[in-house]
Amino acid sequence: MSVKILVINGANLNMLGIREPELYGRRDYKALVEAIETHAARRGVSVTVTQSNSEGEIVGFIQKAYGIFDGIVINAGGYTHTSVVILDALKAVGLPTVEVHLTDIHSREKFRDFSYISLYAEKFIAGKGFDGYLEAIDYLTDRITCK
């Protein structure tokens, strides 16, 4: 059985390497995608990496995952703290989900303390940079293959 994981990146993640490099580092979005794809290939996992600055498009990614993917890794960016519709989409498709953040959102601005995604996601990983995505892929792979 080949595990299929959808990785969803939200608003402004395409600006990695440019946006607040003191927080997010100097590696760009292409480097993140390469790290995810390389790690998934080593694990024998099929991975699709997406990114959108649009809340509605992110909801579309989630809805289209139903019946195709075995799990979702999501970093919704700023939508983490504002989007009930992304939460509802995750609940609707019912796929195992891991929430990932490059930075430790709980040590930043107070408004980042609340996450709608966390109301559904079964695992939360923050502050580990690119490695957080790799940990999320490992978690989902192990969870799905041990069912």
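Colleague: How many strands does the open sheet have, and in what order?
Modeller: The open sheet has 5 strands in the order β2-β1-β3-β4-β5, with parallel pairing, where strands are DSSP runs of E of at least two residues, helices are runs of H or I of at least four, and both are numbered from the N terminus. Two strands count as paired if DSSP finds at least two bridges between them.

Colleague: And which strands stand at the edges?
Modeller: Those are β2 and β5 (123-126), each with a single partner strand, so one side of each has no neighbour in the sheet. The twist from one strand to the next averages 20 degrees, with axes fitted as lines to C-alpha atoms (for helices over the stretch in contact) and angles running from 0 to 180 degrees between N-to-C directions.

Colleague: What should I keep in mind about the model itself?
Modeller: It is a predicted model, in which local features need pLDDT of at least 70 and side-chain atom pairs count only at pLDDT 80 or more, while totals for chains, interfaces and linings use all residues. Residues are numbered from 1 along each chain as its sequence is written, and side-chain values use heavy atoms, with hydrogens and water left out.

Colleague: How many bridges join β1 to β2?
Modeller: There are 6, and the two strands run parallel; leucine 6, for instance, has threonine 48 in β2 as its bridge partner.

Colleague: Switching to α2, which of its residues are buried?
Modeller: Tyr29, Leu32, Val33, Ile36, His39 and Ala40 are buried in α2, buried being under 20% relative accessible area, exposed over 50% and partly exposed in between, with a 1.4 Å probe and protein chains only. They cover an arc of only 135 degrees around the axis, which puts them on the same side of α2; the arc is that of the directions from the helix axis to the C-beta atoms.

Colleague: What covers them, and what's on the face turned away?
Modeller: The cover includes β1 (4-9), β2 (46-51) and α5 (130-145), whereas the face turned away from the buried side carries the exposed residues Lys30, Ala41 and Arg42. The helix lies across β1 and β2, running at about 165 degrees to β2.

Technical notes: Contact means heavy atoms within 4.5 Å.
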